[in-house]
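Dear colleague,

Please find below the structure that I am handing over to you.

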Amino acid sequence: YQIALNHCIRRINAGQTDAYADALVLYRTLLERGLLLQHGGRLSQWAYKNIATTGLRTGAFEWTEQFLNQYREALPPTERDNAFAFNLATLYFEKQELALTLQTLQNVNFTDFTYHVGAKILQLKTFYLLNEDDALISLLATTEQLLRRDKTLSSFGKSTNLNFLKMLRQASKWKSKKPRLSLQKSERERLALLEKVVALQPVANKDWLLKILGREE
């Protein structure tokens, strides 16, 4: 099963998004057989997150919500609340329930740096979709400062998130001035941003950046 999952992960990293469906079949089988539970029936917070992410990427929202609730108590007690709140907020975001996304993120404890950064990025994406420009600009600045000061994140992790912040800032600037631009200039700037995102490596949430730039009229 691990070899099969690793194969799916390689396909996903290569841009083959159809591999999420195969990964979900594997995860569901592993859950049904109890093969992911360790140390007295515990499920690690990272396996919990990976399974939830896979469910969301396949659009299996109802199944993912059932999974989050069903396996909440299987999480280690010290990690339970954070893991549940963060993944539930991600579910709400994918369902475009943006007010619930922000509300649920208030329950994420920032003592864990991974959740801290993840929550900030989810907030940024939500602010962008809600056209909360002032909140977005402020949070971009504080999140960039947070990433640059941190000593625990790998150089790759730092670069991929900083590149995301850079492109989101540029996308936000374009969107805010779009009403004042001619259709031709607006389209030129949008295409230029799309080219930057496509070429930039590494960058977190690349598919989301491409989506928000590609769907603008």
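Buried here means under 20% relative accessible area, exposed over 50%, and partly exposed in between (1.4 Å probe, protein chains only). Helices are DSSP runs of H or I with at least four residues, numbered from the N terminus.

The model is predicted: local features need pLDDT of at least 70, side-chain atom pairs count only at pLDDT 80 or more, and totals for chains, interfaces and linings use all residues. Residues are numbered from 1 along each chain as its sequence is written, and side-chain values use heavy atoms, with hydrogens and water left out.

Helix 7 covers residues 113-129 and reaches 25 Å from its first C-alpha to its last. This is close to the 24 Å expected at 1.5 Å a residue, where the expected span is 1.5 Å times one less than the number of residues. Just after helix 7, Asn-131 takes a positive phi of about 60°.

The aromatic residues come next. A search of the whole structure finds seven aromatic pairs; rings of Phe, Tyr and Trp (its six-membered ring) pair if their centres lie within 6.5 Å, and planes under 30 degrees apart count as stacked, over 60 as edge-to-face and the rest as tilted. The ring centres of Tyr-48 and Phe-67 are 5.2 Å apart and their planes stand at 40°, so this pair is tilted. Because Tyr-48 lies in helix 3 (residues 45-57) and Phe-67 in helix 4 (residues 61-70), the pair ties together parts that are 19 residues apart in sequence. Tyr-48 is buried at 0% relative accessibility, and Phe-67 is buried at 2%. Together with Trp-63 and Tyr-71, Tyr-48 and Phe-67 form one aromatic cluster.

Charged side chains also lie over rings, a case that requires NZ of Lys or CZ of Arg within 6 Å of the ring centre and within 35 degrees of the ring normal. Arg-72 lies over the face of Phe-84, at 4.0 Å from the ring centre, and Lys-175 lies over the face of Tyr-128, at 3.6 Å from the ring centre.

Finally, Tyr-20 is placed in helix 2 (residues 19-32) and is buried, with a relative accessible area of 11%. Leaving aside residues up to four places away in sequence, Tyr-20 touches Ile-12, Thr-54, Arg-57 and Thr-58, contact meaning heavy atoms within 4.5 Å.

With kind regards

Terms used:
Helix = DSSP H or I, 4+ residues; strand = E, 2+ residues; numbered from the N terminus.
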